[in-house]
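Hi everyone, thanks for coming. Let me put the model on the screen, and then I'll walk you through a few parts of it.

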Amino acid sequence: MNEMQFNFDDNYYLKMEKTMIRKGKYAIHNGSEYSFSLLEDKSIRLISNKHADLSQGFKHLDENIYIKNVSVEEVDLFKINSKAIYKGEVFPASEERRTGKVLLDTTNTELAKKMGFERTDKYMYSKSVEWDEVEIIEERKPYTLD
């Protein structure tokens, strides 16, 4: 996947060529990215849904789920928070399960009015947009176990 790196306010962002919205904790192990969970013994359980990862020492857990336990020293940990650039502004983004559209949120009343957002809570405004109306970027921050 081709990607372009850039920074806003010293945060690390990736402009994603393939459209997807990811959030949560991830680890890089042997050049590949995986979601992970922390085990009680402070080791890392990598989670994949790629059958090909069996050749990388993963074990089949369930339908389309493969796992591998590694030490924290074997991985680089980070958190991803996806954002969307919509009409030149950056918003938190998620995928609406019901419609498959991109859901944008803001607490900025003036920006919400200017962009045609609807009030969804006392201080929250939201808008559903089509995928081709936004550019998805990932904010990546280091994740530590401390």
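**A hairpin, its partners and the core**

Let's start in the hairpin of S3 and S4, where two residues sit between the strands and Asn 30 has a positive phi near 50°. Strands here are DSSP E runs of at least two residues, and helices are H or I runs of at least four, numbered from the N terminus.

Before going on: this is a predicted model, where local features need pLDDT of at least 70 and side-chain atom pairs count only at pLDDT 80 or more, while totals for chains, interfaces and linings use all residues. Residues are numbered from 1 along each chain as its sequence is written, and side-chain values use heavy atoms, leaving out hydrogens and water.

S3 (residues 23–29) runs antiparallel to S4 (residues 32–38), with four bridges; pairing takes at least two DSSP bridges. Tyr 26 stands opposite Ser 35 in S4. S3 is also antiparallel to S8, through six bridges, and there Gly 24 faces Ile 80.

Now the largest nonpolar core, with 14 residues; Phe 117 and Tyr 86 are among those touching the most other members. By core I mean buried Ala, Val, Leu, Ile, Met, Phe, Trp, Tyr and Cys residues joined through side-chain atoms within 4.5 Å; buried is under 20% relative accessible area, exposed over 50%, partly exposed in between, with a 1.4 Å probe and protein chains only.

Beyond four places in sequence, Phe 117 has contacts (heavy atoms within 4.5 Å) including Phe 91, Leu 104 and Ala 112. And Glu 118, buried or exposed? Exposed, at 59% relative accessible area.
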